[in-house]
Amino acid sequence: RQGKVEDALAMYKRARRIYRKTLGPESAEVGMVMLNVAIVFKEQGQLEEAMEKYAEAVAIKRRALGDEHAGVADALYAFAMCKEDAVQGGCGRPRRNDCASGGGAEHLQQEGGDGWQ
């Protein structure tokens, strides 16, 4: 399993390099790669590394897409779940909707949208 994870991370690194070269370092695609790297670290139980990559992914996606884009919401949702896992001392796959399919933004709307108080 570890060899497959290392292979996946190497492929993500190559994809990031290509996206940076062809689309620019602040492209949404670079943000997508960083989000996927964060997910790999999270699934491996490496929450500190995962949170660093989530933060980077969110920042890139915000700059590329704007603060109100669904892709930014999905990245924020995944980042929040990772932070929640860190607080709870556990780690694993998302317990709610799969953010990669866009479920994160829908879940937030169902839970009250912008009205978190």
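Student: How many helices and how many strands are there in the protein?

Tutor: This is a predicted model, and what follows is computed from its atoms. Read along the sequence, the protein follows the pattern α-α-α-α-α. The count is therefore made up of helices alone, given that such elements are taken as DSSP runs: 5 helices and 0 strands.

Student: What percentage of the residues of the protein count as buried?

Tutor: A residue counts as buried when its relative accessible area is under 20%. The accessible surface of the protein comes to about 7300 Å², and carbon and sulfur atoms hold 50% of that surface. Of the 117 residues, the share that counts as buried is 32%.

Student: Are helices α3 and α4 roughly parallel or roughly antiparallel?

Tutor: Helix α3 covers residues 47–65 and helix α4 covers residues 70–88, and the two pack with their axes 9 Å apart at an angle of about 160 degrees. Because angles over 145 degrees count this way, α3 relative to α4 is roughly antiparallel.

Student: Which residues in α4 does α3 meet, and how many residues of the contact are nonpolar?

Tutor: From α3, the residues taking part include L47, M51, Y54, V58 and L65. On the side of α4 they meet G71, V72, A75, L76, A78, F79, C82, K83, D85 and A86. The residues of this contact divide into 1 polar, 4 charged and, for the class asked about, 14 nonpolar.

Student: Is the crossing of α3 and α4 left-handed or right-handed?

Tutor: Two packed helices are described by the angle between their axes and the distance between the axes. For α3 and α4, the handedness of the crossing can be stated as well, and the crossing is left-handed.

Terms used
Residues are numbered from 1 along each chain as its sequence is written. This is a predicted model: local features need pLDDT of at least 70, side-chain atom pairs count only at pLDDT 80 or more; totals for chains, interfaces and linings use all residues. Side-chain values use heavy atoms; hydrogens and water are left out. Helices (H or I, at least four residues) and strands (E, at least two) are DSSP runs, numbered from the N terminus. Buried means under 20% relative accessible area, exposed over 50%, partly exposed in between (1.4 Å probe, protein chains only). Accessible areas come from the Shrake-Rupley method with a 1.4 Å probe; for residues, only the protein chains shown count as cover. Axes are lines fitted to C-alpha atoms, for helices over the stretch in contact, and angles run from 0 to 180 degrees between N-to-C directions. Angles under 35 degrees count as roughly parallel, over 145 as roughly antiparallel, 65 to 115 as roughly perpendicular and the rest as oblique. A crossing is left-handed if the near helix is turned anticlockwise from the far one by less than a right angle, and right-handed if clockwise. Contact means heavy atoms within 4.5 Å. Ala, Val, Leu, Ile, Met, Phe, Trp, Tyr, Cys and Pro count as nonpolar, Asp, Glu, Lys and Arg as charged, and the others, Gly among them, as polar.
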